[in-house]
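Please examine the sequence and the structure shown here before reading on.

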Amino acid sequence: MKKIMVVCGNGLGSSFIMELNVKKALKEMEHTAEVDHTDLTSAKSEQADIFIGAGDIIGQLDDGKRTLVSLENMMSIPEIKSKLEPHFQ
């Protein structure tokens, strides 16, 4: 099972909302994954198959090894689905 880490600056409000939206998107796509959320600093030491977050935040995790998914609209279920779907094929 894939692990998806949702990341925001503080790991509280927006990443929690994105976590809920990622779970909803996964359910609509009929995929399963372990989904959790955290702040940017903690995310640097976390292990996950996919890190997802707003574009201005997620780029700061780019170390050339992580799989990053950048969102323009973190509330958009269609955008989340379109960007996660390739990682489940």
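The model is predicted: local features need pLDDT of at least 70, side-chain atom pairs count only at pLDDT 80 or more, and totals for chains, interfaces and linings use all residues. Residues are numbered from 1 along each chain as its sequence is written, and side-chain values use heavy atoms, with hydrogens and water left out.

An unreviewed UniProt entry places the feature "domain: PTS EIIB type-2" at residues 2-89; such annotations may be inferred rather than shown by experiment. This span is 38% helix and 26% strand, and its end C-alpha atoms lie 12 Å apart. Helices (H or I, at least four residues) and strands (E, at least two) are DSSP runs, numbered from the N terminus.

Helix α1 spans residues 13-29 and helix α4 residues 77-84; their axes, lines fitted to C-alpha atoms over the stretch in contact, come within 9 Å and cross at roughly 65°. The two helices are therefore roughly perpendicular, a term covering angles of 65 to 115 degrees. In contact (heavy atoms within 4.5 Å), Asn21, Val22, Lys24, Ala25, Leu26, Glu28 and Met29 of α1 meet Ile77, Ile80, Lys81 and Leu84 of α4. Of the residues in this contact, 7 are nonpolar, 1 is polar and 3 are charged, where Asp, Glu, Lys and Arg count as charged.

Ala48 belongs to the loop between α2 (40-43) and β3 (50-54). Ala48 counts as partly exposed because its relative accessibility is 22%, between the limits for buried (under 20%) and exposed (over 50%), with a 1.4 Å probe and protein chains only. Leaving aside residues up to four places away in sequence, Ala48 touches Lys3 and Met5.

Notes: Axes fitted to C-alpha atoms, helices over the stretch in contact; angles between N-to-C directions. Parallel < 35°, antiparallel > 145°, perpendicular 65-115°, else oblique.
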